[in-house]
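Take a look at the sequence and the structure below. Then read on for a short tour.

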Amino acid sequence: MFFVQYSIFKMNGTTIIFYLLAALTLVSGFLSVTTRQIFRAAIYLLFSLIGIAGIYFWLNYQFIAAVQIVVYVGGIVVLIIFSIFLTQQAGELLPKQQIGRKIFAALAAFCGFALTMVQVWKHSFTKSTGDAVEATVTNIGAQMLSVDDNGYALPFEVVSVLLLAAMIGCIVIALRDKKIMNTEQGTPNKEV
Amino acid sequence: MMQPGLYHLLFISAALFFIGVYGFLTRRNLITMLMSVELILNSVNLNFIAFNKYVWPQRLDGVFFTVFVIAIAAAEAAVAIAIIINLYRSHQSIDVENAEELKY
């Protein structure tokens with residue numbers, strides 16, 4: 001009797017954790033796109049990404065959750081906050097949007113959501129039979145670097161080239177043009 | 001309460017996707033539009049992981065797609081922020097309404 005109660009309690013515990021993570025993700029995601037203070041939008045985005053990482057932990061995909069936290073929470077959100085510091089005046093609110101644009105955007109989003117959910121509920125997914133592969137770091141690493149039929153060595157290399165290209169592109173774009181720099185400092189360049 | 005399963009994850013994923021779409025359509029500041037794009041990409045990742053867990057558990061393809069999407073999202077965010085900072089230098093504003101011309 002006690003054991004049954006305990007198992008029910010345990011199931012409810014994981015369920016409650018799932019719903020808490022889902023609520024954290026959706027509520028902070030919604031606040032992130034509606035708040036008029038841009039810094040708060042970045043912080044709400046941070047909590048939304050943490051909620052998604054929690055859902056990955058809940059699903060037992062620890063490696064993906066760790067990558068999510070390292071890349072998104074530790075990398076992209078920090079980058080966004082830096083760019084907010086570089087481009088925004090402190091304490092300035094974002095301008096109010098036209099009400100018509102808001103209404104039509106909400107309508108479009110709601111219609112798309114309703115359409116998607118109707119399709120999802122009508123479709124029944126059949127789970128494939130077979131032994132489940134644990135998403136451990138060993139399995140993921142062995143398959144990612146293998147050159148067999150199921151290996152992902154080629155996409156891995158292509159993504160590394162893409163990251164290199166993006167890095168060089170960032171440097172080239174963000175480099176200051178000499179002409180612009182001189183006019184910004186108020187001393188027009190005599191030689192040009 | 002129902003035991004959460006595939007449909008719950010798909011609900012979260014679709015809701016997050018359309019929250020991102022709403023933000024992308026209403027926002028006019030480039031940084032907030034970039035945040036909306038990040039939300040959309042995250043909802044796609046969640047979808048891949050959910051299908052990998054509940055529909056096709058004997059392969060790890062969803063995990064690899066998620067890893068590659070995260071890598072490409074990082075590259076995209078870095079390039080976008082470089083462009084935004086460059087735009088701020090030339091226009092003193094990162095509102096899309098003020099960035100109408102391709103080259104000035």
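The expected span of a helix is 1.5 Å times one less than its number of residues. The model shown here is predicted.

## Helix lengths in chain B

Start with helix 3 of chain B, residues 61-91. Helix 3 of chain B has 31 residues. Its first and last C-alpha atoms lie 44 Å apart, close to the 45 Å expected at 1.5 Å a residue. Just after helix 3 of chain B comes B:Q92, with a positive phi of about 60 degrees.

Now take helix 2 of chain B. It has 25 residues, which should span 36 Å at 1.5 Å a residue. Its end C-alpha atoms are 37 Å apart, and that agrees.

## Two helices packed within chain B

Two packed helices are described by the angle between their axes and the distance between the axes. In chain B, helix 1 covers residues 6-26 and helix 2 covers residues 30-54. They pack at an angle of about 165 degrees, and their axes are 8 Å apart. Angles over 145 degrees count as roughly antiparallel, so helix 1 of chain B is roughly antiparallel to helix 2 of chain B. The crossing of helix 1 of chain B with helix 2 of chain B is left-handed.

Which residues make this contact? From helix 1 of chain B they include B:L6, B:L9, B:S13, B:F17 and B:F24. From helix 2 of chain B they include B:M33, B:I40, B:N47 and B:Y54. By class, this contact of helix 1 with helix 2 of chain B has 16 nonpolar, eight polar and no charged residues.

## Where the chains meet

The contact between the chains takes 60 residues from chain B and 69 residues from chain A. On the chain B side, helix 1, helix 2 and helix 3 each give two or more residues. Which of them gives the largest share? Helix 3 of chain B does, with 21 residues. By class, the side of chain B that touches chain A has 45 nonpolar, ten polar and five charged residues.

One helix pair spans the two chains. Helix 4 of chain A, residues 99-122, packs with helix 1 of chain B at an angle of about 160 degrees. Their axes are 9 Å apart. Helix 4 of chain A and helix 1 of chain B are therefore roughly antiparallel. Their crossing is right-handed. Helix 4 of chain A contributes residues including A:R101, A:K102, A:G112 and A:F113. Helix 1 of chain B contributes residues including B:Y7, B:F11, B:F18 and B:Y22. The residues of this contact of helix 4 of chain A with helix 1 of chain B divide into 16 nonpolar, three polar and two charged.

## Inside chain A

Chain A has seven helices and zero strands. From the N terminus on, its elements run α-α-α-α-α-α-α. Chain A has 192 residues, and buried residues make up 19% of them. Take the contacts in chain A between residues at least 6 apart in sequence: 43% join residues at least 24 apart.

A:Y19 sits in helix 1 of chain A, residues 2-34. Is A:Y19 buried, exposed or partly exposed? It has 14 other C-beta atoms within 10 Å, so A:Y19 is partly exposed. A:Y19 and A:I55 are 36 residues apart in sequence. In space, they are 9.6 Å apart, C-alpha to C-alpha.

Note on methods: Residues are numbered from 1 along each chain as its sequence is written. Chains are lettered from A and ligands numbered from 1 in the order in which they are written. This is a predicted model: local features need pLDDT of at least 70, side-chain atom pairs count only at pLDDT 80 or more; totals for chains, interfaces and linings use all residues. Axes are lines fitted to C-alpha atoms, for helices over the stretch in contact, and angles run from 0 to 180 degrees between N-to-C directions. Helices (H or I, at least four residues) and strands (E, at least two) are DSSP runs, numbered from the N terminus. Angles under 35 degrees count as roughly parallel, over 145 as roughly antiparallel, 65 to 115 as roughly perpendicular and the rest as oblique. A crossing is left-handed if the near helix is turned anticlockwise from the far one by less than a right angle, and right-handed if clockwise. Two residues are in contact if their C-beta atoms, placed from the backbone, lie within 7 Å. Ala, Val, Leu, Ile, Met, Phe, Trp, Tyr, Cys and Pro count as nonpolar, Asp, Glu, Lys and Arg as charged, and the others, Gly among them, as polar. A residue is buried if 20 or more other C-beta atoms lie within 10 Å of its own, exposed if 12 or fewer, and partly exposed in between; C-beta atoms are placed from the backbone.
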